[in-house]
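Let's walk through this structure together, from the overall layout down to single residues. Have the viewer ready and follow along.

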Amino acid sequence: MIIWGSGGGGKDLGQIELRNCPTCEKTRPFHLYIQYKYAHLYYLRWVTSRKYHLACDVCHRGVELETKAVEAKLEKDPIPFMTRFGWTFLVGLVAIGVLAINVGKH
Ligand SMILES: [Zn+2]
């Protein structure tokens, strides 16, 4: 049985700045949030979409940010390694399988 599926995750990447929140009408700490979606086959995952938001820590309202602009500033990718690169293991397994089949022929 092949187990296909999809899921998502999110993470608070911490406070970025203090700015005036139009909803609270006060100066609030704004946090950077990431939301991502992934597809998976068994436990192998790959990311299908990601979005960044800058949102007020109190009312959680904010603005969506451009992914490329945010990632240019991030020191490391906030998405867990296996979620980003799980698919490479799948490719590796397929490559090994193909190799094994070809070796078996000779
Ligand atoms: Zn607010």
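In which strand does H31 lie? H31 lies in strand β2, where strands are DSSP runs of E with at least two residues and helices are runs of H or I with at least four, both numbered from the N terminus. Before going further, please keep in mind that this is a predicted model, in which local features need pLDDT of at least 70, side-chain atom pairs count only at pLDDT 80 or more, and totals for chains, interfaces and linings use all residues. Residue numbers start from 1 along each chain, as its sequence is written.

Let's stay with H31 for a moment. H31 is partly exposed, because 18 other C-beta atoms lie within 10 Å; a residue is called buried with 20 or more such atoms within 10 Å, exposed with 12 or fewer, and partly exposed in between, with C-beta atoms placed from the backbone. Leaving out neighbours within four places in sequence, H31 is in contact with D12, G14, Q15, I16, A55 and D57, a contact being two C-beta atoms, placed from the backbone, within 7 Å. Between H31 and R50, 19 residues apart along the chain, the C-alpha separation is 16 Å.

Now step back to the whole chain. The protein has 2 helices and 4 strands, in the order β-β-β-β-α-α from the N terminus. Its radius of gyration is 20 Å, well over the 13 Å that the globule rule gives for 106 residues, so the protein is more spread out than a compact globule. That radius is taken over C-alpha atoms, and the rule is 2.2 Å times the number of residues to the power 0.38. Along the principal axes, the C-alpha atoms fill a box of roughly 75 × 30 × 15 Å. Buried residues make up 12% of the 106 residues.

How do the strands pair? Pairing here requires that DSSP finds at least two bridges between two strands. β2 and β3 run antiparallel and are joined by 12 bridges, with I34 opposite Y52 in β3. These two strands form a hairpin with 2 residues between them, and Y42 in the turn has a positive phi of about 55°. β3 also pairs with β4 in the antiparallel sense, over 4 bridges, and there L54 has V63 in β4 as its bridge partner.

Most residues other than glycine have a negative phi. E25, in the loop between β1 (4–21) and β2, has a positive phi of about 60° although it is not a glycine. E25 counts as exposed, because it has 8 C-beta neighbours inside 10 Å. In the hairpin of β3 and β4, with 5 residues between the strands, H60 takes a positive phi near 60°. H60 counts as exposed too, with 11 C-beta neighbours inside 10 Å.

Next, look at the core. The largest nonpolar core has 8 residues: F30, L32, Y33, I34, Y36, Y38, Y52 and A55. Such a core is a set of buried Ala, Val, Leu, Ile, Met, Phe, Trp, Tyr and Cys residues joined through C-beta atoms within 7 Å. β2 (26–41) and β3 (44–56) are the elements that give two or more residues to this core, and β2 gives the most, with 6.

Finally, visit V94 in helix α2 (residues 81–105). V94 is exposed, with 10 other C-beta atoms within 10 Å. V94 and Q15 are 79 residues apart in sequence and 42 Å apart in space, C-alpha to C-alpha.
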